[in-house]
Amino acid sequence: MYSTHPRPASFAARGPLCGTVKVPGDKSISHRSLMLSALAIGESRVTGLLEGEDVLATAAAMRAMGATIERTGEGEWRINGVGVGGLLQPQNALDMGNSGTSTRLLMGLVASHAITATFIGDASLSKRPMGRVIDPLSLTGAEFNASPGGRLPLMVRGMCPAVPIGYRLPVASAQVKSAVLLAGLNTPGITEVIEPVPTRDHSERMLAGFGADLMVETDADGVRHIRLVGEAELKPQTLEVPGDPSSAAFPIVAALITPGSEVTVTHVGMNPTRTGIYKMLETMGADLTYSNERVVGGEPVADITARHSALKGIEVPPEVAPSMIDEFPVFFVAASMAEGRTVTSGLDELRVKESDRLALMATGLKAIGATVEEREDGLVIDGTGGEPLEGGATIASALDHRIAMSFAVAGQHCYHAVTVDDVSPIATSFPTFEAMLAGLAGA
């Protein structure tokens with residue numbers, strides 16, 4: 001896991017950003033590729049895997065439960081699975097570091113196996129509520145012993161055979177949906193998730209790709225019904241992980257706000273449930289072009305070129321939020337340098353991410369000179385019309401990788417350098433971020 005000693009860093013404007021970069025593999029797909037490969041019988045191979053600390057936490061947990069997982073090269077991994085129902089009792093607590101995705105999805109896997117697992121994490125993860133996953137998984141018969149507030153450390157005692165459930169998501173959450181479906185893999189009968197608001201669908205695509213009997217229907221009201229037949233037999237796969245669209249948003253926004261810039265990010269995942277950030281940036285007037293569009297492992301992929309643009313403030317429809325929930329911090333940076341007012345709402349989820357991202361972004365942007373109003377479920381930002389922000393402040397990242405990267409991007413168009421108090425959490429999702437930013441500036 002990343003260092004417990006804070007590592008501050010300063011980010012200053014150094015002229016146009018130019019060049020072509022490839023961002024790390026998609027984090028959501030990387031997590032799921034390891035988990036499902038570990039539940040298949042036989043050898044799976046994965047290339048392009050994100051080797052950040054969140055994903056490595058998933059790999060370590062699956063090893064602890066019996067899978068053989070080996071790194072064979074940069075981004076290249078070989079996994080020999082134990083089969084659905086074959087997870088072994090871990091000998092020690094599973095350390096999830098900073099990864100909420102690992103924790104919630106693995107809770108689902110453990111819930112329908114005859115094992116007991118204890119989940120621990122770093123200070124940031126230990127503040128995040130797990131109740132939204134505990135509630136549906138408890139209906140399957142699994143037992144949970146959590147810290148106050150449904151937080152880590154947390155113990156799961158799986159039930160086998162578990163009870164198949166039908167569960168309507170009370171909030172739009174791909175993690176809750178995925179946890180219930182993963183529990184359903186080793187549960188006799190049909191597990192159903194009812195999804196009123198669509199969220200990222202990597203789990204459904206990948207489960208089907210591994211051979212699970214899964215059906216997705218959308219009713220007349222636009223509600224998705226996802227049904228999984230349990231006691232599945234997963235077949236090993238060869239997977240290529242596309243670049244993470246959340247990570248790609250950082251160099252893209254940096255290019256859009258920095259005069260004279262032109263940056264191309266290659267091999268970016270373009271799953272329609274993940275591209276809200278790009279649609280909203282284009283609505284603001286962003287000059288984005290897409291090339292080399294193709295399908296890789298069932299996921300749409302493209303190269304994205306971003307050029308410096310005169311952005312205009314917009315009102316972001318709340319229904320777009322699930323498709324860009326992780327990208328709002330860097331979107332707020334773009335909004336702070338646009339012309340006019342940007343209004344966001346329906347973002348309650350941002351208050352329970354790695355940090356309270358609404359509060360941290362509002363405080364940080366104000367500190368570097370932006371005009372921001374924090375509301376209960378969103379931010380209202382009056383932009384500079386393309387002028388640089390003042391900068392010159394030290395920003396608290398609160399162990400949140402996306403907060404740290406967002407203010408590094410903001411520093412590219414400020415009069416004075418922006419200092420982030422601790423950039424070490426960036427390693428959880430984008431270990432090469434600082435080198436990439438320096439390379440684009442150097443070009």
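A pocket is an open set of points on a 1 Å grid over the protein atoms alone, where a 1.4 Å probe fits, with protein on both sides within 12 Å along at least five of seven lines; lining residues have an atom within 4 Å of a point. Grid points are joined across faces, edges and corners, and a volume is the space filled by probe spheres set on the points.

This is a predicted model, in which local features need pLDDT of at least 70, side-chain atom pairs count only at pLDDT 80 or more, and totals for chains, interfaces and linings use all residues. Residues are numbered from 1 along each chain as its sequence is written, and side-chain values use heavy atoms, without hydrogens and water.

**View A. The largest pocket holds about 610 Å³ of space.** Its lining counts 36 residues. Nearest its centre lie Ala172, Ser173, Ile325, Glu349 and Lys353. Helices H1 (27-39), H3 (100-111), H5 (174-185) and H11 each supply at least two lining residues. H1 gives the largest share, four residues. By class, the lining has 17 charged, 11 polar and eight nonpolar residues. (Charged: Asp, Glu, Lys and Arg; nonpolar: Ala, Val, Leu, Ile, Met, Phe, Trp, Tyr, Cys and Pro; polar: the others, Gly among them.) Helices are DSSP runs (H or I, at least four residues), numbered from the N terminus.

**View B. The second largest pocket has a volume of about 390 Å³.** It is lined by 19 residues. Closest to its centre are Val23, Pro24, Gly25, Leu49 and Glu74. The lining splits into eight polar, seven nonpolar and four charged residues.

**View C. Helices H7 (residues 245-257) and H11 (residues 401-410) cross at roughly 20 degrees.** Their axes come within 9 Å. Axes are lines fitted to C-alpha atoms, for helices over the stretch in contact, and angles run from 0 to 180 degrees between N-to-C directions. H7 and H11 are therefore roughly parallel (angles under 35 degrees). The contact (heavy atoms within 4.5 Å) involves Ser246, Phe250, Val253, Ala254 and Ile257 of H7 and Arg402, Met405, Ser406 and Val409 of H11. Six of these residues are nonpolar, two polar and one charged.

**View D. Helix H3 packs with helix H4 (residues 131-139) at an angle of about 15 degrees.** The axes are 10 Å apart. H3 and H4 are therefore roughly parallel to each other. From H3, Arg104, Met107, Gly108 and Ala111 make the contact; from H4, Arg132, Val133, Ile134 and Leu137. This contact has five nonpolar, two charged and one polar residues.

Definitions and conventions. Parallel < 35°, antiparallel > 145°, perpendicular 65-115°, else oblique.
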